[in-house]
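Here's a walk through one protein chain, written for someone new to reading structures. Keep the model open beside you and look things up as they come along.

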Amino acid sequence: MDRKKEGAGSPSADKFDIHFQALCSAVEQEKLEKVRSILENQTHVNVNGVNGDGFTLLDLAFMTGNQSLLNLVVHHGGKEGAFFPSPEAVSAHLLSLIVESKKQVEKFNQLVKMTSGVAGQLNTTLSQVQLKEGEKQLTLWQKRLTTLKKLKAGFDSAGC
């Protein structure tokens, strides 16, 4: 198997690898079979890569609290990330990500509310396309916020 392990490729390259990002997303959403499929079929994916938030697959699997998922990532060579010096630093980082996501949700929520006119008529501030993009961004940030809260709760409940 040509599985990339520690030190393979630059961490920043992993942030742009579509298969690595799909794998991170599947781990965060606890989609065990999807994770298994990617790990078994995309042998070029760096299982010890770091996502845009500084977490490895094993870090994410640990924060979900899903033992089957954790075992699967370990079985495929996943290792704990070394980006954060302490559990307190991980918790603080998760909290800062949550705060930023809340700000984005509030920003896009205000934009969408402000743009939607009375009786569903579009205010001229934004075009229909811009409004749809704002709604899309709002939905994406809401999902990210929900995921981050779940990961933080999992991390906190693990007693780190």
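## A salt bridge across the chain

Lys150 is partly exposed, at 34% relative accessibility. Here "buried" means under 20% relative accessible area, "exposed" means over 50%, and "partly exposed" is in between (1.4 Å probe, protein chains only). Lys150 pairs up with Glu30 in a salt bridge, and their closest N and O atoms are 3.3 Å apart. A salt bridge, by the way, is a side-chain nitrogen of Lys or Arg within 4 Å of a carboxyl oxygen of Asp or Glu. Glu30 is partly exposed too, with a relative accessible area of 29%.

Helices are DSSP runs (H or I, at least four residues), strands are E runs of at least two, and both are numbered from the N terminus.

## Before you go on

This is a predicted model: local features need pLDDT of at least 70, side-chain atom pairs count only at pLDDT 80 or more, and totals for chains, interfaces and linings use all residues. Residues are numbered from 1 along each chain as its sequence is written, and side-chain values use heavy atoms, with hydrogens and water left out.

By the salt-bridge rule, the count comes to 5. Side chains of opposite charge can pair when their charged atoms come close. Another of these pairs is Glu33 with Arg36, where the closest N and O atoms are 3.3 Å apart. Glu33 and Arg36 are 3 residues apart in helix α3, which means about one helical turn separates them. Glu33 is exposed, with a relative accessible area of 52%, whereas Arg36 is partly exposed at 27%.

Now look at helix α7. The side chains of Asp156 and Lys152 meet in a salt bridge there, at 2.9 Å from N to O. Asp156 and Lys152 are 4 residues apart, again about one helical turn. An α-helix has 3.6 residues a turn, so residues three or four places apart point the same way. Asp156 counts as partly exposed at 41% relative accessibility, but Lys152 counts as buried at 13%.

## The whole chain

What is the chain built from, in helices and strands? There are 7 helices and 0 strands, giving the pattern α-α-α-α-α-α-α along the sequence. Buried residues make up 38% of the 160 residues. The accessible surface comes to about 9200 Å², and 55% of that belongs to carbon and sulfur atoms; such areas come from the Shrake-Rupley method with a 1.4 Å probe, and for residues only the protein chains shown count as cover.

Contact means heavy atoms within 4.5 Å. Among contacts with a separation of 6 or more, 70% are between residues 24 or more positions apart.

## The nonpolar core

A nonpolar core is a set of buried Ala, Val, Leu, Ile, Met, Phe, Trp, Tyr and Cys residues joined through side-chain atoms within 4.5 Å. The largest one has 34 residues, and Val35, Phe55 and Leu57 touch the most other members. The elements giving two or more residues to this core are α2, α3, α4, α5, α6 and α7. The largest share, 7 residues, comes from α6.

Leaving aside neighbours within four places in sequence, Leu57 is in contact with Phe20, Leu23, Cys24, Val27, Val47, Gly49 and Val73.

Why is α4 largely enclosed by the rest of the structure? Because 7 of its 8 residues are buried. The cover over those buried residues includes α2, α5, α6 and α7.

Asp59 has its place in helix α4. Asp59 is buried yet has no salt bridge, and the nearest side chain of opposite charge, Lys79, is 12 Å away; for charges, Lys and Arg count as positive and Asp and Glu as negative, with His and the chain ends not counted. A polar atom of the Asp59 side chain does lie 2.9 Å from the backbone nitrogen of Thr56.

## The loop after α4

Gly65 follows α4 and has a positive phi, near 80°. Asn66 lies in the loop between α4 and α5 and counts as buried, at 18% relative accessibility. Not counting residues up to four places away in sequence, Asn66 touches Glu30 and Ala61.

Technical notes. Polar contact = N/O pair within 3.5 Å; in protein donor to acceptor, adjacent residues only side chain to side chain.
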